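Biologist: Thanks for sitting down with me! Could you walk me through this one piece by piece?

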Amino acid sequence: MADTLASLRSLMASHSPPLDALVVPSEDYHQSEYVSARDKRREFVSGFTGSAGLALITMKEARLWTDGRYFLQATQQLSDEWKLMRMGEDPAVDTWMTDNFPKDAAIGIDPWCVSVHTAQRWERIFLKKQQKLVQTSTNLVDAVWRNRPPAEITPTTVHPLEFAGVSVAEKLKNLREKLSSEKARGIIITALDEVAWLYNIRGNDVAYSPIVHAFAIVTTNSAFLYVDKRKVYIEVKSLLEENGVEVRDYGAVSTDAGLLSSNELDSSFAVKGTVNELAKDMKLNSREHATENGKSEKEGSDNDLIWVDPASCCYGLFSKLNFDNVVLQQSPLALAKALKNPVELDGLKRAHIRDGAAVVQYLVWLDNQMQEIYGASGYFLEGENINTNKRLKTMKLTEVTVSDKLESFRASKENYRGLSFPSISSVGPNAAIIHYSPQAETCAELDPDSIYLFDSGAQYLDGTTDITRTVHFGKPSSHEKACYTAVLKGHIALGNTRFPNGTNGHALDIVARVPLWKDGLDYRHGTGHGIGSYLYVHEGPHMITFRPQARNVPLQASMTVTDEPGYYEDGNFGIRLENVLVVNEANTNFNFGDKGYLQFEHITWAPYQKKLIDMSLLTPEERDWVNAYHARCGEILAPYLDESERSWLQKAIEPLSA
């Protein structure tokens with residue numbers, strides 16, 4: 001680590017101009033949350049493996065900013081050369097740089113790894129002290145990363161219409177209508193899940209995420225995919241050609257963005273008739289719309305803007321454009337992708353049923369193993385561990401081996417394509433690390449006297465899943481039960497909330513926290529995120545969180561979102577409960593303001609552990625909700641389980657008594 005920092009500082013000193021600091025973000029060229037091994041530059045320089053964070057290297061210091069999910073993990077992983085900066089508690093990185101760097105300081109960035117939004121914000125702030133944001137021509141980290149993993153060439157596949165639900169032609173038509181409404185003649189699409197969704201393709205370029213490294217440009221009458229052509233097999237090529245999409249080399253997007261800006265970009269092959277007719281229809285509709293609004297035909301058809309999403313487009317690509325002709329706003333595909341079509345919703349529900357069956361099979365297996373190997377009292381009994389001398393000395397369960405077993409149950413299910421993120425499998429103090437990722441060499445052994453938390457999910461062709469359950473195989477303390485129950489109450493409260501159209505996730509976040517706040521408890525992460533349809537497990541643009549960006553997008557019918565409050569006690573235990581919900585229209589007795597109301601539908605199915613619930617803390621309504629949910633678990637999952645598993649589940653879902 002010291003050698004890496006020294007090498008980087010040498011490059012910073014020899015740079016023209018010399019750099020006072022170098023920013024190393026977590027993101028790749030597409031501003032992705034999850035990146036490929038070769039793009040984990042921040043992890044390489046700092047040793048911190050969390051998915052979110054930013055490293056800042058000066059000639060004398062090295063600092064890492066990350067959010068509350070990773071405070072404990074970063075403390076454990078950062079060497080003495082690094083100082084942890086806690087987002088929300090310490091000064092933000094731009095504030096810190098402005099306050100601590102001298103006038104005329106030069107702060108270096110790779111413009112391909114920083115978003116337009118971030119770069120422009122920093123430039124505005126730096127002007128106060130005439131500090132400069134310097135775009136490096138190459139990535140300095142890459143220059144010192146001797147064993148940087150190579151780029152893998154994995155095949156791109158077609159995502160069939162039976163799972164996608166909407167054709168590429170229809171998606172392009174809808175997108176071009178959006179362009180017309182914004183007086184734009186083209187859009188640069190940079191978010192990997194948006195490219196995959198638009199063209200109904202999937203890939204394997206990033207672990208846990210079925211995407212391909214690619215850009216897209218769509219204009220009124222042409223469409224392009226920028227990708228390593230070695231990844232494009234005949235089936236994908238045929239699909240794209242049928243829809244008038246030209247495949248170009250990944251690196252050509254830089255040149256083509258400039259051509260798009262100067263209105264010189266055009267397809268090099270004849271567009272298929274259907275797409276050509278669509279383009280003509282688009283122009284006609286634009287003229288008609290303009291005429292209806294009292295504008296001349298020329299004015300209506302003179303669309304000259306280029307649409308760029310400032311959050312997902314990198315500053316390097318944006319720099320190729322004529323800034324005067326750019327509309328900077330959220331990609332229209334973000335919301336279109338979040339609003340699941342009926343086929344996607346049906347697929348997600350079916351995927352979650354199979355996934356729930358895998359989780360129950362896992363709990364049955366784990367319950368038996370904990371009793372047989374450790375003499376634990378088990379999932380159901382609350383007494384002290386029985387026959388503690390019974391332990392089979394030749395066997396043990398670790399956080400990794402049990403997680404692997406859960407993966408094997410999922411792998412046996414129809415349409416399984418892999419995990420949706422690195423599984424969190426955590427015992428006791430490790431469960432207090434919010435995004436803990438166990439490693440085989442260092443992970444803990446399971447302990448019947450400690451809480452066990454697992455947060456995991458899978459990628460199926462018909463949907464992406466994400467579930468968290470917290471269990472105890474011994475005798476939980478009254479404090480653990482009280483904390484678990486507070487989390488459960490928040491989980492129930494959010495899932496049962498009805499709210500008017502126009503309500504955003506920032507307004508709803510408090511609902512899950514109130515039961516915890518009542519006891520002086522809280523958690524440092526958001527309460528819910530969208531989830532993809534065989535895409536990213538974390539999907540925007542909506543979210544349920546205290547963070548300000550949750551104010552930007554109201555929840556709408558047919559969105560998916562997780563419900564996952566928690567509580568984490570450093571050094572002792574962690575608790576989280578998570579289900580995936582679908583937003584539906586609600587039938588209410590009244591309709592104040594004619595807004596229309598929404599409600600949630602649970603689509604995750606797995607029991608909550610009754611012995612961790614303090615019944616005295618539940619209201620009758622909460623108890624009834626758990627009983628009704630458990631009854632549905634039994635009905636839905638039984639066909640996917642064998643006789644012994646069904647018997648175990650029936651015991652797990654026996655009604656709670658007052």
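**A walk through the model**

Modeller: Happy to. Over residues 6-138 the chain is 31% helix and 20% strand, with end C-alpha atoms 18 Å apart. Please keep in mind that this is a predicted model.

Biologist: Which domain name does UniProt list for residues 6-138?

Modeller: The name comes from an unreviewed UniProt entry. For residues 6-138 that entry lists "domain: Creatinase N-terminal".

Biologist: Which are the edge strands of the open sheet of six strands?

Modeller: The order of this open sheet is β4-β3-β2-β1-β5-β6, and its pairing is mixed. An edge strand pairs on one side only, and the two that do so are β4 (83-86) and β6 (132-135).

Biologist: By how many degrees are neighbouring strands of this sheet turned against each other on average?

Modeller: Direction is ignored for this value. On average, neighbours in the sheet are turned by 25 degrees.

Biologist: Which residue in β2 stands opposite leucine 22?

Modeller: Strands β1 (residues 21-25) and β2 (residues 54-58) are antiparallel partners, with five bridges between them. Opposite leucine 22, β2 places isoleucine 57.

Biologist: What angle does the direction of helix α5 make with that of β6?

Modeller: Helix α5 (residues 116-126) packs on the sheet and touches β1, β2, β5 (106-109) and β6. Another helix, α1 (residues 2-14), lies across β1, β2 and β3 (62-66), at about 65 degrees to β2. For α5 and β6, the angle is about 140 degrees.

Biologist: Which residue in β11 stands opposite isoleucine 217?

Modeller: A hairpin of three residues links β10 to β11, and the two strands run antiparallel with four bridges. Strand β8 (residues 184-189) is also joined to β10 by four antiparallel bridges, with glycine 186 opposite threonine 219. In β11, the residue opposite isoleucine 217 is phenylalanine 224.

Biologist: Is serine 420 buried or exposed?

Modeller: Serine 420 sits in the loop between β15 (416-419) and β16 (424-427). The cut-off for buried is under 20% relative accessible area. Because its relative accessibility is 1%, serine 420 counts as buried.

Biologist: Which backbone nitrogen does the side chain of serine 420 reach?

Modeller: Leaving aside neighbours within four places in sequence, the contacts of serine 420 include Tyr208, Gly457, Ala458 and Val537. At 3.2 Å, its side chain reaches the backbone nitrogen of alanine 458.

Biologist: How far apart are the end C-alpha atoms of helix α20?

Modeller: Helix α20 has 18 residues (620-637), so at 1.5 Å a residue it should span 26 Å. The model agrees with that expectation, as the end C-alpha atoms are apart by 26 Å.

Biologist: What covers the buried residues of α20?

Modeller: Among the buried residues are Trp625, Val626, Tyr629 and Leu637. Their cover includes α16 (342-374), β20 (467-472), α18 (478-495), β27 (579-586), β28 (597-602) and α21 (643-652).

Biologist: And how far apart do the end C-alpha atoms of residues 596-656 lie?

Modeller: The unreviewed UniProt entry lists this span as "domain: Peptidase M24 C-terminal". Residues 596-656 are 46% helix and 10% strand, and their end C-alpha atoms are separated by 34 Å.

Methods
Residues are numbered from 1 along each chain as its sequence is written. This is a predicted model: local features need pLDDT of at least 70, side-chain atom pairs count only at pLDDT 80 or more; totals for chains, interfaces and linings use all residues. Side-chain values use heavy atoms; hydrogens and water are left out. The expected span of a helix is 1.5 Å times one less than its number of residues. Buried means under 20% relative accessible area, exposed over 50%, partly exposed in between (1.4 Å probe, protein chains only). Contact means heavy atoms within 4.5 Å. Two strands pair if DSSP finds at least two bridges between them. Axes are lines fitted to C-alpha atoms, for helices over the stretch in contact, and angles run from 0 to 180 degrees between N-to-C directions. UniProt positions are given in the numbering used here, feature names are shortened, and annotations may be inferred rather than shown by experiment. A polar contact is a pair of N or O atoms within 3.5 Å; within protein, one must be able to donate a hydrogen and the other to accept it, and residues adjacent in sequence count only if both atoms are side-chain atoms.
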